[in-house]
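Here are my notes on the structure, as numbered points. Please read them with the coordinates open.

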Amino acid sequence: MMTSRTQGYLYVAITMCIWGGFTITSRLNAIWHISPWDITALRFSLAFCILMPILLYKKDTAFLFKKEPFILAMIGGVAYCLTSYSAFHFVPAAHAAIFLNGCIPLCTALAGFFLYKQPFDKHTWISLVIMMTAISAMSFLMYEETGVAFGFGDFLFFCSAIWWGIFTVLLRQWKLSAWHSMAGVAIWSAIIYVPIYLLFLPKHLDQATVPHLVMQTLFHGVFVVIIATLAYVEAIKRLGAFKTGSIVTLAPFIAAIIAVPLLNEPLSLAIICGLIGMGIGALQPWRWFAYKDSLQTSLEQQHKD
């Protein structure tokens with residue numbers, strides 16, 4: 001029998017593999033000529049076909065008629081997917097680690113402040129300084145190398161980080177369960193987006209091969225939407241939110257490094273500077289020395305009692 005802590009690290013490993021895979025496979029969409037419009041529709045269509053029968057069988061559909069799942073779906077589902085998938089068509093995978101995953105903690109803190117007046121703690125201020133320094137250094141180096149400090153793809157990634165930051169704050173504020181938030185986002189995204197896609201948006205499915213479409217649909221529709229969400233929540237239950245979040249944040253940065261030889265992507269001094277700075281700011285490694293996860297605190301309290 002595995003201990004609760006071991007189970008937690010197993011769930012973290014599953015989440016890391018999927019989150020890292022998201023970065024690689026999303027970049028492959030651009031290489032395989034699968035458009036953002038197409039993969040977003042395929043992703044939510046498959047998730048809908050899996051989740052809706054389960055909800056009907058369990059007679060657990062009442063939550064779908066509340067405003068919260070709909071709003072979360074429009075922000076963390078449709079808007080996030082379209083901007084993030086589109087960004088991969090303009091810039092390499094390393095830019096996702098910097099401007100998407102690296103900026104998510106900052107955008108989450110900003111969303112909490114503007115939406116609910118949640119103040120920054122000292123760790124957020126330290127991260128902000130590190131991240132701004134890293135981005136400034138990176139932009140200077142990129143301008144020296146290419147004559148352009150930022151690209152359109154970087155802007156789209158930052159927009160994605162804003163969407164995800166707002167989504168995270170609303171999810172935390174509304175206190176929906178992992179199952180309801182995941183199912184609500186997938187189902188409402190499919191209900192709203194897929195008809196619009198079928199009627200009005202451009203389709204390029206004929207430009208991609210069937211094996212590529214099947215692989216991407218299964219990965220993004222099942223692993224990213226369903227399995228990663230549930231595994232992440234289970235990890236938090238066993239290891240605590242900070243430790244879980246810190247570990248899984250490493251996944252996109254590792255994926256960015258893997259993409260260099262795997263996808264033959266460039267790795268310049270500017271990108272290295274951005275990866276290191278944003279990684280440190282997002283991970284907040286200085287907190288590990290003083291941090292005790294929830295499981296350890298509970299065990300110590302039991303020992304005292």
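1. Glu234 and Arg238 are both in helix α9, four residues apart, or about one turn of the helix. Their side chains form a salt bridge, with the closest N and O atoms 2.7 Å apart. Glu234 is partly exposed, at a relative accessible area of 22%. Arg238 counts as buried, at 16%. The cut-off for buried is under 20%. Please keep in mind that this is a predicted model.

2. How many salt bridges does the count come to? The count is three. One of them joins the side chains of Glu265 and Arg27, at 2.6 Å from N to O. Glu265 sits in the loop between α10 (241-262) and α11 (269-283), and Arg27 sits in helix α1, so this pair ties together parts that are 238 residues apart in sequence.

3. Glu68 is buried, with a relative accessible area of 17%. Lys67 counts as exposed, because its relative accessibility is 53% and the class starts over 50%.

4. Now the packing around α9. How do α1 and α9 run relative to each other? Their axes come within 8 Å and cross at roughly 150°. That makes α1 roughly antiparallel to α9, since angles over 145 degrees are classed that way. The crossing of α1 past α9 is left-handed.

5. Helix α2 (residues 36-58) also has an axis that comes within 8 Å of the α9 axis. This pair crosses at roughly 60°. α2 and α9 are therefore oblique to each other. The roughly perpendicular class begins at 65 degrees. The crossing of α2 and α9 is right-handed.

6. Which residues make the nonpolar patch? Met2, Leu10, Ile14, Phe223 and Ile227 make it, and its area is about 390 Å². The elements that give two or more residues to this patch are α1 (4-31) and α9 (210-239). These two helices are also the pair with axes that cross at roughly 150°.

7. Phe223 is worth a separate look. This residue is found in helix α9. Phe223 is partly exposed, with a relative accessible area of 38%. Patch residues need over 30% relative accessible area, so Phe223 passes that cut-off.

8. One contact across the sequence deserves a check. His123 and Trp286 are 163 residues apart along the chain, and their C-alpha atoms are separated by 8.9 Å. His123 lies in helix α6 (residues 122-146). His123 is buried, with a relative accessible area of 18%.

9. To close, two items to inspect together. Helix α1, in turn, gives two or more residues to the nonpolar patch, as does α9. α9 also holds both Glu234 and Arg238.

Terms used:
Residues numbered from 1 in each chain as written. Predicted model: local features only at pLDDT ≥ 70, side-chain atom pairs only at ≥ 80, totals over all residues. Heavy atoms only, no water. Patch = residues over 30% accessible without salt bridge, like charges linked within 9 Å, V, L, I, M, F, W, Y side chains within 5 Å. Areas by Shrake-Rupley, 256 points an atom, 1.4 Å probe, with all protein chains shown as cover. Salt bridge = Lys/Arg side-chain N within 4 Å of Asp/Glu carboxyl O. Buried < 20%, exposed > 50% of the residue type's maximum accessible area, 1.4 Å probe, protein only. Axes fitted to C-alpha atoms, helices over the stretch in contact; angles between N-to-C directions. Parallel < 35°, antiparallel > 145°, perpendicular 65-115°, else oblique. Left-handed = near helix turned anticlockwise from the far one by under 90°.
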